[in-house]
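Thank you all for making time this morning. I would like to walk you through one structure, taking a few residues in turn, and I will ask some questions along the way.

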Amino acid sequence: MKRLLFLLVTMTACIAAWAAEPYVVYTPSNTTLTFYYGTKPSGAFGLNSGNNYPEWYNYGTYAAVERVVFDPSFAQARPTTTAYWFYDMENLTSITGLNYLNTSEVTNMHGMFFECRKLTSLDLSGFNTSKVTSMNSMFNGCENLAVLDVSNFNTSNVTDMNVMFRNCKNLTSLDLSNFNT
């Protein structure tokens, strides 16, 4: 009986782990987009793939989002793209928990922060960009971005950096010494 109970508990844990996936929830009452990893609830958005827009963009939430939060659970996720994740979020003022975004498998960061006009600082020094091939328009239109740390970016596989920093009017310094172009 104990062996059967042990097997049931083990199988339940395995099924729960197998069912875990990354997902995103938009909360209109506080205009927050939150990234999680676990059992995806009804109404939550899945992550995008390739060069496709994410579901939350297609749903129309992008214009209202003021805050993005990465929950600690999201550290378990391994997205392969972050393309368009914050695209056109012109009211976005803060992103917290970026240290929970593991970018080790990401190949596409196209337009990730495109037109995030109200962001004033971003510390992306923890990003692993060794597999990224596209950074096209990544910060294009971030006109109030005054502090941007991309000092640890590995760009050895990047083939597209077109207009990466276009219209970043408030950047007064930028350390690109590790960029391999």
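**Salt bridges, buried threonines and positive phi**

Let me begin with Lys131, which has a relative accessible area of 38% and is therefore partly exposed. Please keep in mind throughout that what you see is a predicted model.

Which residue does the side chain of Lys131 meet in a salt bridge? The partner is Glu105, and the N to O distance is 2.9 Å. Since Glu105 sits in the loop between β4 and β5 while Lys131 sits in the loop between β5 and β6, the pair ties together parts that are 26 residues apart in sequence. Glu105, for its part, has a relative accessibility of 33%, so Glu105 counts as partly exposed.

How many salt bridges does a search of the whole structure find? The search finds 3, and I would like to take the other pairs now. Arg117 and Glu90 meet through their side chains in a salt bridge, at 3.6 Å from N to O. Because Arg117 lies in the loop between β4 and β5 and Glu90 in the loop between β3 and β4, this pair ties together parts that are 27 residues apart in sequence. Arg117 is partly exposed, at a relative accessible area of 31%, and Glu90 is partly exposed as well, at 35%.

Arg117 also forms a salt bridge with the side chain of Glu115, at 2.6 Å from N to O. Through shared partners, then, Glu90, Glu115 and Arg117 are joined by salt bridges into one network.

Is Glu115 buried or exposed? Its relative accessibility is 13%, and buried means under 20%, so Glu115 counts as buried. Glu115 is found in the loop between β4 and β5, and its backbone deserves a remark too, as the phi of Glu115 is near 60 degrees, a positive value in a residue other than glycine. For background, most residues other than glycine have a negative phi.

Where else can we look at a positive phi? Tyr84, which is not a glycine either, has a positive phi of about 65 degrees. Tyr84 lies in the loop between β3 and β4 and is buried, with a relative accessible area of 8%.

That loop between β3, residues 67–70, and β4, residues 94–96, also holds Thr81, which counts as buried because its relative accessibility is 2%.

Finally, I would like to turn to Thr129, which has its place in the loop between β5, residues 121–123, and β6, residues 147–149. Thr129 counts as buried, since its relative accessibility is 1%. The side chain of Thr129 reaches the backbone nitrogen of Asn154 at 2.7 Å, and Asn154 is also among its contacts, together with Met109, Met135 and Phe153, once the neighbours within four places in sequence are left aside.

Technical notes:
Residues are numbered from 1 along each chain as its sequence is written. This is a predicted model: local features need pLDDT of at least 70, side-chain atom pairs count only at pLDDT 80 or more; totals for chains, interfaces and linings use all residues. Side-chain values use heavy atoms; hydrogens and water are left out. Helices (H or I, at least four residues) and strands (E, at least two) are DSSP runs, numbered from the N terminus. Buried means under 20% relative accessible area, exposed over 50%, partly exposed in between (1.4 Å probe, protein chains only). A polar contact is a pair of N or O atoms within 3.5 Å; within protein, one must be able to donate a hydrogen and the other to accept it, and residues adjacent in sequence count only if both atoms are side-chain atoms. Contact means heavy atoms within 4.5 Å. A salt bridge is a side-chain nitrogen of Lys or Arg within 4 Å of a carboxyl oxygen of Asp or Glu.
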